[in-house]
Amino acid sequence: MINKEQTLLMNQSKKGRKAINLPSIGVPETSLPDSKFLRKDIELPEVAQLDLIRYFTNLSSLNYSIDTNFYPLGSCTMKYNPKINEQISAIKGFASSHPNQSDENIQGNLEIMYDLQNELGEITGLPAVSLAPLAGAQGEYAGLLIAREYHNHNNQKNRNIALIPDSAHGTNPASASMAGLDAVTIKTTNEGDIDLEDLKNKVNENVCVLMLTLPSTLGLFEPNILEITKIIHDNGGLVYADGANLNALLGITKFGELGIDICHSNLHKTFSTPHGGGGPGSGPVMVAKFLEKYLPYPHIKKDGGKFIQYKPEFSVGRLNGFYGSFGILVRAYAYIRSLGAEGLREISENAIINANYIQERLKEHYELTSSRRCMHETVLSASKQKEDGVKAIDIAKKLLDEGFHAPTMYFPLIVEEALMIEPTESESKETIDKFITAMIKISELSKTNPDEITNAPLNLPVERLDEAQAARNPVLAWEKK
Amino acid sequence: MSEIPKNLKYSKDHEWVEISENIATVGITLHAAESLGDIVYVDVNSLDKNLSQFDKFGEIESVKAVSDLYVPISGKVIEINEALLNNPEFVNEDCYDKGWIIKLEINDTKDLEELLNSEEYQKII
């Protein structure tokens with residue numbers, strides 16, 4: 001039920017109303033002393049308990065999450081987070097351990113981290129793993145620091161260029177810049193594959209690393225990956241894989257076998273830990289054996305029968321205070337162990353099948369970026385609908401009215417009016433069919449009644465927001481009228 | 001179809017340039033403005049700098065994306081449209097007049113040979 005008349009709590013305030021009436025305490029009352037810490041200029045709402053409870057309960061019912069409905073947000077892999085992961089991470093020994101406890105006291109925790117390092121190493125084919133990065137972008141940053149340190153160590157400080165395709169996630173050039181590297185753009189073809197000629201022209205003795213996303217941000221597998229990694233290696237550079245799309249590759253291929261030296265993986269995507277406001281991220285970095293000595297610390301190793309934290313010989317340093325997001329690591333570990341090797345491969349197979357099913361059913365209605373089979377996500381273009389005045393953003397808003405979260409829009413930047421759809425393996429055919437039906441309905445409507453789309457959403461607590469005005473003149477705090 | 005003034009020259013990156021004696025005025029085209037959508041921020045960090053043709057002179061941010069801005073002609077950046085910095089919507093409202101972004105002092109016009117006229121620009125959009 002939607003109550004468009006929801007009044008802000010501040011505006012419900014009536015002088016003298018209280019949430020709690022305490023009984024008299026039977027001792028004389030004294031007023032608080034005057035102090036600069038007692039500010040009188042802050043308006044606080046005076047409301048009854050019932051009104052307070054209703055206010056927040058009603059607001060909470062407006063939350064949209066993977067637990068409430070389909071969330072086809074391309075590149076974000078909004079898959080279901082099995083509740084068993086939550087139960088296991090809540091076991092007292094995990095949840096109550098303190099990061100300052102000695103190694104002897106937390107052997108079980110360290111063993112889980114050690115095993116998870118090995119599992120991620122096996123999955124990606126890059127056996128040396130640090131669980132320290134707190135998010136995908138920090139994993140990228142750690143990976144680039146490792147690449148830079150490797151070259152410095154080999155007396156090649158001149159290598160300060162990161163080659164990055166124009167279809168990359170925006171975090172790639174940002175991470176390169178943070179790591180002190182200059183980002184140089186590599187062109188991609190219309191289908192998002194790396195332009196080999198442009199790559200050959202730009203590779204030189206100053207290249208530190210090539211960063212590429214596999215599958216690409218267009219949801220396609222890079223057909224020339226072996227040639228690309230060879231070109232970079234022949235020039236003395238390293239290859240970094242952005243593992244944001246690892247959900248498509250589990251048990252099918254390994255980064256390490258494709259000539260990639262470094263990658264990261266977002267546990268909060270591929271390994272089903274909460275994200276998108278639902279929990280802290282985690283972006284472990286995986287490297288080939290020859291780069292192990294540069295990993296961030298603490299790194300976990302097994303020494304005799306004991307698990308210990310140590311600092312690798314030429315470590316790039318600490319990324320944060322303690323171990324990374326430990327609770328998230330436990331959830332990812334539980335996910336991997338509950339599925340096993342075969343189960344993980346099925347995850348990727350089903351993610352690919354679901355995305356291709358959507359692509360096939362929608363290709364008559366929306367422009368496809370590529371005629372090739374996609375991997376775990378498909379990128380459609382609303383260029384046909386645009387001719388009738390309906391843009392990708394309008395379609396996204398109309399989907400909200402239909403009860404779905406919007407897909408990723410306007411990314412990759414190289415696709416006009418992009419709509420990037422990632423169903424993940426979690427969704428049933430019935431749910432996916434409902435989404436397809438809504439997408440087809442919107443496409444039909446764009447020809448017959450485009451206004452109904454361009455005015456959407458109409459069934460939500462707020463209608464079309466003025467995004468430009470919100471960005472130009474944001475109002476970030478309540479103001480008394 | 002986007003309006004393309006005949007008196008301007010255009011880069012493949014969708015900037016326009018107008019030459020008046022040794023001053024070049026630069027902005028982005030209507031096609032670029034429409035593709036970007038509502039502009040929310042214009043950032044120019046190149047005042048007083050000498051730039052070569054197609055060097056980056058700033059960034060423009062819309063509700064969709066951030067894009068780099070490139071000078072279509074070599075020269076020294078001598079003026080920024082201050083009114084635009086506070087009113088980025090000028091780019092959407094009137095990209096060829098109120099929405100101009102920078103002025104360059106130029107030495108010669110030979111760079112213009114690398115640019116497109118209105119008919120050639122029409123063909124690439």
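Mentor: Gladly! Let's begin with contacts: two residues are in contact if their C-beta atoms, placed from the backbone, lie within 7 Å. Keep in mind that this is a predicted model.

Trainee: How many residues of chain B are in contact with chain A?

Mentor: On the chain B side there are 6, and they meet 6 residues of chain A. Sorted by class, the chain B side has 4 nonpolar and 2 charged residues, with no polar ones.

Trainee: Now the strands. Which strands does E2 of chain B pair with?

Mentor: Strands pair through bridges. E2(B), residues 15-20, is joined by 2 bridges to E1(B), residues 9-10, and the two run antiparallel.

Trainee: What should I look for in the turns?

Mentor: Try the phi angles. The E1(B)-E2(B) hairpin has 4 residues between its strands, and B:His14 in the turn has a positive phi of about 75°. Between E2(B) and E3(B) there are 2 residues, and B:Glu21 takes a positive phi near 55°.

Trainee: Where does the largest nonpolar core lie?

Mentor: That core has 117 residues, and A:Val209 is among those with the most contacts inside it. Helix H11 of chain A, residues 326-362, gives the most, with 16 residues. Domain 1 (83-339) and domain 2 (346-465) of chain A both give residues to this core, so it lies between them. A second, separate core of 32 residues includes B:Tyr10 and B:Leu104.

Note on methods. Residues numbered from 1 in each chain as written. Chains lettered and ligands numbered in written order. Predicted model: local features only at pLDDT ≥ 70, side-chain atom pairs only at ≥ 80, totals over all residues. Nonpolar A, V, L, I, M, F, W, Y, C, P; charged D, E, K, R; others polar. Core = buried A, V, L, I, M, F, W, Y, C linked by C-beta atoms within 7 Å. Buried ≥ 20, exposed ≤ 12 C-beta atoms within 10 Å, placed from the backbone. Domains from an automatic or database assignment.
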